[in-house]
Amino acid sequence: MSSTVSNPQGIMQPSGYGGYDSRSSSTTSSFVRPESESNENDEAELVSVSWNQDSCCFAAGTSHGFRIYNCEPFKETFRRELKNGGFKIVEMLFRSNILALVGGGPNSQYPSSKVLIWDDHQSRCISEFAFRSEIRAVKLRRDRIVVVLEHKIYVYNFMDLRLLHQIETQANPRGLCCLSHHTNTSVLACPGLHRGEIRVEHFGLNMVQTINAHDSSIACMTLTLDGLLLATASTKGTLIRIFNTMDGTRLQEVRRGVDRADIYSIALSPNVQWLAVSSDKGTVHLFSLRVRVVGEDAHSTETAALLSQQTYSNSLQGLVSPTTGTNPGSSLSFMRGVLPKYFSSEWSFAQFHVSEVTQFFAAFGSNNTVAIIGMDGSFYRCNFDPVNGGEMGQLEYIRFLKTETRPS
């Protein structure tokens with residue numbers, strides 16, 4: 001597998017761009033400049049949704065282009081309507097002016113084998129990555145562009161588009177890959193070469209950790225922002241496991257349910273106190289985590305982390321905060337080791353019910369809230385009781401593809 005990179009006028013450093021409302025008319029490269037809006041009477045079809053790196057915004061790829069939404073308060077901040085079809089991948093870079101786009105959806109004229117790096121300050125494509133097969137995912141951090149194909153992952157330097165790494169994976173049709181986003185850590189997690197295996201690249205440490213996470217194939221995964229903790233689920237979809245990425249130690253295991261389920265998303269709260277899981281069973285489950293990095297602010301570089309690696313697993317210890325509740329377990333958990341493992345499982349602490357007929361993706365907001373976006377064009381914001389748990393309360397419900405959410 002080979003790739004071709006086109007860089008018409010060089011990459012510029014991404015800049016903060018909260019409003020997405022300043023753009024010029026210049027354009028370069030083979031990317032067709034978005035023209036006037038398509039037929040207003042032709043309703044856009046939702047092709048994809050994806051959170052940005054800190055979950056304060058999300059992008060919606062439609063059959064006519066893409067739209068960007070802010071979550072708190074909810075507002076459509078920007079849209080581009082195209083005459084040449086839409087995008088199946090719209091990857092944001094925090095709130096910057098940079099987006100990665102991959103064509104897809106009904107009647108799209110943009111190929112699914114090409115990544116377009118779009119600078120909305122300049123209203124032009126600033127680079128392209130062309131491949132010989134379909135692109136499954138694109139991940140961005142401020143210094144890297146990561147392109148995921150079915151059997152290989154390419155890692156590029158953002159500033160000069162130089163290819164830095166090529167990683168072979170097991171068949172990866174879901175495009176599973178996640179990155180850390182702290183400036184002092186550079187971590188990538190992806191499927192390994194064998195079923196149920198995850199490969200963790202600590203680029204700053206020049207270290208690779210292989211984790212045998214599940215017996216079945218991996219269905220979903222996510223990293224903490226610093227890349228030190230990894231949460232995973234398999235295609236069986238009953239158990240979620242949390243690992244230390246430095247030494248591969250399993251730190252906690254929680255149970256979503258007993259029946260097989262397709263896991264759509266796993267989210268870790270910024271304070272690593274909570275974990276949220278969505279699936280095709282129509283329930284978003286919230287779990288209390290018992291792990292944290294003790295003295296996590298003491299090591300400001302990956303080099304320091306490497307020096308402390310001998311005792312690092314000891315610094316990831318169980319923690320139950322006195323101000324939060326714990327996950328319920330079976331009343332027969334005292335017979336652990338005698339009864340089947342099911343009876344000693346940790347079950348969800350709080351729940352929120354959504355439709356079973358569409359995909360939903362959860363993320364954490366501020367002040368004990370969870371935001372949920374659906375492929376039916378719905379947005380929910382709900383809150384949970386951090387002490388008592390139970391059914392989460394709905395705070396907000398919006399049909400975000402409707403015209404009333406358009407920016408004024």
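1. First, some ground rules. This is a predicted model, where local features need pLDDT of at least 70 and side-chain atom pairs count only at pLDDT 80 or more, while totals for chains, interfaces and linings use all residues. Residues are numbered from 1 along each chain as its sequence is written, and side-chain values use heavy atoms, with hydrogens and water left out.

2. Let's start with Arg 144. You'll find Arg 144 in strand E11, residues 144–148 (strands, E, are DSSP runs of at least two residues, numbered from the N terminus). Is Arg 144 buried or exposed? Arg 144 is buried, because its relative accessible area is 19% and buried means under 20% (exposed is over 50%, partly exposed in between, with a 1.4 Å probe and protein chains only).

3. Who are the neighbours of Arg 144? Leaving aside residues up to four places away in sequence, Arg 144 touches Lys 139, Val 155, Tyr 156, Asn 157, Phe 158 and Leu 164 (contact means heavy atoms within 4.5 Å). With Asn 157 there is also a side-chain polar contact of 3.2 Å (a pair of N or O atoms within 3.5 Å; within protein, one must be able to donate a hydrogen and the other to accept it, and residues adjacent in sequence count only if both atoms are side-chain atoms).

4. Now the cysteines. A disulfide is a covalent bond between the sulfur atoms of two cysteines; here the test is a pair of cysteine sulfur atoms within 2.5 Å. By that rule the count is 0. Cys 57 is in no disulfide, as its nearest cysteine sulfur, that of Cys 56, is 3.7 Å away. Cys 220 is in none either, with the sulfur of Cys 178 nearest at 8.7 Å. Cys 57 is buried at 1% relative accessible area, and Cys 220 counts as buried at 8%.

5. On to the rings: the whole structure has 20 aromatic pairs (rings of Phe, Tyr and Trp, using its six-membered ring, with centres within 6.5 Å; planes under 30 degrees apart are stacked, over 60 edge-to-face, the rest tilted). Phe 66 and Phe 78 make a tilted pair, 6.0 Å centre to centre with 50 degrees between the planes. This pair links strand E4 (residues 65–70) to strand E5 (residues 75–81), and both residues are buried.

6. Compare Phe 87 and Tyr 110, which are stacked at 4.9 Å centre to centre and 20 degrees between the planes. Phe 87 lies in strand E6 and Tyr 110 in the loop between strands E7 and E8, so the pair ties together parts 23 residues apart in sequence.

Key
Helix = DSSP H or I, 4+ residues; strand = E, 2+ residues; numbered from the N terminus.
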